[in-house]
Amino acid sequence: MKAMPVEPNLRAGLAALAGAAALLWAALALPSPLAGIALDPIDRWALSVLALALAALGYAMRCGATRFGVLAFVFLTGSGAQLYMTEALWFPTLHLKPQNGREWLMVAVIALEAAVALRALRRARQGWVLAEARRRLGTARIAVYFAASFMLGVPLLIYVWRGAYGAYLAHVAVTGALTVLHLAVLIAMSQVRSPIRGVHRVSPIVPATFAVLASLLLAQFAFEHIPHDEDEVAYIFQARTLAGGALTAPAPPEAAQAGLEAHLFEISDGRWYAAAMPGWPAALALGLVSGLPWLVNPILAGISVLLAYDIARRKVGQEQADLVAAMMASSPWLLAAAGTLMPHTLTLALMLFAWWMVLRGGSDRTGLRRLAVAGLAIGWIVATRPLDGMVIGAATGLWVLAGPGGSARRVMAFGAGLLVVVGLLLAYNAALTGSALTTPFGAYIDRHWAPGADAYGFGADIGAPGGREVIDLWPGHSPTEAAVNVLTMAASLQFDMLGWSIGSLSLVIAFLLWQRPLRQFDAAMIAVVIGVVAALALYWFADSYYLGPRYWFLASFPLLYLSARGYEALRTRFPGRNEEGLVRIDSILGLCCIFGLAVFTPWRGVEKYHRYGGYDPQLRDLAATGLFDGQVVIVAGGHQAGSALFLNDPWLDGSAPVFLQDTGDLDTEALVAAFPGRKVVRFVAE
């Protein structure tokens, strides 16, 4: 009976929102709102955010939680408006001055969020809320929390390169203010009725399935099943070679070699191969054999979620394991990596599999076999990304030795598995470089750059010859540059790991400030994070411009585990008067995860990953029609060379086309002689 008077208000509210949606559509579609509307991808994304926000509001109103719904609506739209005004490529930068009418509309959306937040906090007695926060969290620690959040909110490197320190401080101030605004909305949300009733627990299969599906969508629509980085081109080429049953292919005809030059491609001693570490091409070759190479990483992402869940369940219980799985499945950072053809998802899955086996490994025969398998997994990481393998291998070996039930016998079993793969890697090195201790990658860099130029450590001669502008500030590598790089990578982590508008590291900071006492596994995960960060600080540049801080990727599980522990610390300090209080807090966490999955991740796909680096599928799609069969195609125009070269069969035989990049001096007559029976054509990319 009491619900009856709400129904007219519900209809009125929905009608008003529908009108607002129509108005927003018209504004975004200007100057032609009535006919022939052609929206940019970013504008269609903005409308999808509006639709999601309306769905959240409608659901909350239906459940009798209108205030929660209004706050969720302004949180989603306001946070989305901030993304709309953020430069996505390279280093994310907020437009402090709106650049067009649509961005001014986004300012109005953010202003609406601020107005609603202020009103909601007044109704919730903001003075009492602040007093409770100070009493339960401590004024000094709250100040440290905000200082850390603000410092990590803006990537430092781009401003140091420009010498624009005033602009840096301005961006820190504005980004910090927006962080406070979004957090204020969430705090207000914790004081009103939630649309969720009771505690709901789902099988870990659910978040694992979400991870697979979301990464498949990114692979299909954002990355389009093609490389977007020169390393990926090399990985695919070497995977094709391995799938063909060989370590190298015969050197191509001399007339074609200039058109086949690309990063990490080696032609020497009558052989042709990609000088990439073999771990990832070996895994990718399995996908190529099945015809579905783009499926490998999404499957590994789902497996990673399941492994992370079970590791967390064994160490801290099912409730926090649920949080780890949910955050992994909604992490834009992990999903993006799983949508690419890069090796990071493989290394994460191998690390988690190794740890899972260690947790189940004892001193009996079965347990020792499991430890040997864990060693195999760590060895595969070494064969994929050597420094990652060394850091994680050392941490895992120490765990096997000094952890529960640790013994020399266990370490020997683990080491035996590790040495099997390392032995195969040494044999691979010897076959390609003539020296078991020289990797093809190391030999390539030494030959094309300078000996030791790509080494880890500090020195005047370390780094790419001629520098790489913004990603390599000064010649050589120094502790100062390492510090700038670490802060930049941390800012990228704050932005990309969860995609939350309050900061992806907010719960990690909460853990460090308020989780007491620490568990043994907590300390181990902190040590892993420190080890990964410290080791990569020795590298000469900070790669956060493609997939976020991808060099720190193996720290993702430890960081998400610590996030779950930080969330538990906050729940303990704000337990609520009954179960409903916990449900409200859990609902807020769920909303943040939904934002990362359904708002931030598509934004990244639309604004950054789609056609990143100029790579596009035009040539692949035309080749699939048979248009170029039996031809030698010289590709000129706007295509990245990788858009063509990754299509080549390593043996350059059969009827498959041969794609060459136009270097301006390819000899057509020599190519006709080198490829008898083939027609040489020129293709000008759009």
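**A guided tour of the predicted model**

Begin by selecting V206, which lies in helix α9, residues 205–222 (helices, H or I, of at least four residues and strands, E, of at least two are DSSP runs, numbered from the N terminus). This is a predicted model, in which local features need pLDDT of at least 70 and side-chain atom pairs count only at pLDDT 80 or more, while totals for chains, interfaces and linings use all residues. Residues are numbered from 1 along each chain as its sequence is written, and side-chain values use heavy atoms, with hydrogens and water left out.

V206 is partly exposed, with a relative accessible area of 37% (buried means under 20%, exposed over 50%, partly exposed in between, with a 1.4 Å probe and protein chains only).

Next, select C592 and C593. How far from C592 is the nearest cysteine sulfur? A search of the whole structure finds zero disulfides (a disulfide is a pair of cysteine sulfur atoms within 2.5 Å). The nearest cysteine sulfur to C592, that of C593, is 7.0 Å away. C592 is buried, at 4% relative accessible area, and C593 also counts as buried, at 9%.

Finally, select Q82, P92, G153, T175 and F495. Of the 33 residues that line the largest cavity, these lie nearest its centre (a cavity is a set of points on a 1 Å grid over the protein atoms alone where a 1.4 Å probe fits but cannot get out; lining residues have an atom within 4 Å of a point). Elements that give two or more residues to this lining include α3 (66–84) and α8 (165–189). Helix α21 gives the most, with six residues.

Key. 1 Å grid on protein atoms, 1.4 Å probe; cavity = no way out; pocket = protein on both sides within 12 Å on 5 of 7 lines; lining within 4 Å.
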